[in-house]
Amino acid sequence: MQVTKDFENIVINSIPLIDVRAEVEFSKGAFLNTINIPIMDNLERHVIGIEYKQKGNDKAVELGHELVSGNLRENRINQWVNFINQNPETIIYCFRGGQRSKIAQSWIEEKLGRSIQRLDGGYKAFRNYLLENLQSENVAKDVVILGGYTGTGKTKLLQEFPFTIDLEGLANHRGSSFGRHINAQPSQINFENNLSYCLIQNKYKNYKSILIEDEGKHIGSNFIPTSLAEHFSKGKLIVLTENIETRVDITHAEYVVSSQAEYCDAFGNDIGLYEWAKYILGSIERLKKRLGGLATKTLVDTFNSAFSKQLLSGQTSMHNEWIRKLLVDYYDPMYNYQLKNTSKEIIFSGDTSQVRDFIKQNC
């Protein structure tokens, strides 16, 4: 039986993987380009685990063959084979590369009439490899950080460059009090695994720099591992500037137009708008400690007025009033404080066009 421990090749070439662990294991953490087709479902795994504890490995394996047999066994083999036929380089794995993936490998090879590879050491070994590549000593030294006031379009600009590590995209969160998406954030394990993939690919392509957005250690419920966060914090800072009108327009497009579309797609137009309004009001409420009671009430009243007008007219432009208040009264003072007290070296400041040119020439 063929085994591989060439984890770098898997990452660099985005090799497809089949995870034969149970759903409950897969949900806690897995890898990019992976499909979960378990050899045993959650209940079967639980029952066999009890048998293993009470009667030992041989009896547990025997029970496993009894539970996964006949049509059930054939159906699972067919699912594996169908995926492999569409993705011939597929590698399979279980938790430690032990019995489950070995049995699955033998069944697949019997059906296919050819060899396939199994991940030596399984999930655990690959996960350890990815964790090692999150340590600062294994990450490119030149880190360039794009900062700037809220609404300057940092994320959109970053996406123009192939050496960007999109931390907000990996965390499925926009990195602010209003940053939550409808779809849940990845588990911390998956966030780390996916981040490690990006860093390894960046290093393999020999880019001069890593370009990231100016984030704190936490992005919603996900967090950047300590060693890596400290490494990122030592990067050189570029500050993106835009006038307030441009920033209001960018924020409106993202937090009103795009966000409403996201909610309407998920809930339908009518319910979606109200769910979006609940999300915005909840986000404003979370700022109360910093804004104060009166400023929060003013912001809520301004939002409610804009939302009522939208329901009557179908227009969204009136939301710009509370967006402007939010930027000027909350986000700008906070970023001014951060910028004043930053220990990062500021190497450039300019508008979108100027910053784009600077990055192209220097990063």
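I began with Asn33, which counts as partly exposed because its relative accessibility is 39%; partly exposed lies between buried, under 20% relative accessible area, and exposed, over 50% (1.4 Å probe, protein chains only). I note that this is a predicted model, in which local features need pLDDT of at least 70, side-chain atom pairs count only at pLDDT 80 or more, and totals for chains, interfaces and linings use all residues. Residues are numbered from 1 along each chain as its sequence is written, and side-chain values use heavy atoms, with hydrogens and water left out.

**Entry: two asparagines**

I placed Asn33 in the loop between helix H2 (23-28) and strand S3 (34-36). Helices (H or I, at least four residues) and strands (E, at least two) are DSSP runs, numbered from the N terminus. The phi of Asn33 is near 60°, a positive value in a residue other than glycine. I looked this up because most residues other than glycine have a negative phi.

I then turned to Asn206, whose phi is near 60° and is likewise positive in a residue other than glycine. Asn206 sits in the loop between H10 and strand S7 (210-213). Its relative accessibility is 67%, so I logged Asn206 as exposed.

**Entry: Arg174**

I found Arg174 in the loop between helix H9 (167-171) and helix H10 (188-204). Is Arg174 buried or exposed? Arg174 counts as buried, because its relative accessibility is 10%.

I listed its contacts, leaving aside neighbours within four places in sequence: Glu168, Gly179, Arg180, His181, Glu254, Tyr255, Ser259, Glu262 and Tyr279. Contact here means heavy atoms within 4.5 Å. For Glu254 I also took the C-alpha to C-alpha distance to Arg174, which is 9.9 Å across 80 residues of sequence.

Gln188 is in helix H10. It is buried, since its relative accessible area is 18%. Leaving aside neighbours within four places in sequence, I found Gln188 in contact with Ser221, Asn222 and Phe223.

Glu110 belongs to helix H6 (residues 99-112). With a relative accessible area of 64%, Glu110 is exposed. I noted Ile77 as well: Glu110 and Ile77 are 33 residues apart in sequence, and their C-alpha atoms are 9.8 Å apart.

**Entry: H15 and H16**

I took up helix H15 (residues 293-313) and helix H16 (residues 320-341), whose axes come within 8 Å and cross at roughly 155°. Axes are lines fitted to C-alpha atoms, for helices over the stretch in contact, and angles run from 0 to 180 degrees between N-to-C directions. H15 and H16 are therefore roughly antiparallel to each other, a term for angles over 145 degrees.

Which residues make the contact? On H15 they are Thr298, Leu299, Thr302, Phe303 and Ala306, and on H16 Glu321, Trp322, Lys325 and Leu326. By class I logged 5 nonpolar, 2 polar and 2 charged residues. Ala, Val, Leu, Ile, Met, Phe, Trp, Tyr, Cys and Pro count as nonpolar, Asp, Glu, Lys and Arg as charged, and the others, Gly among them, as polar.

**Entry: the whole chain**

Of its 363 residues, 45% are buried. Among contacts between residues at least 6 apart in sequence, 74% join residues at least 24 apart.

Technical notes: Parallel < 35°, antiparallel > 145°, perpendicular 65-115°, else oblique.
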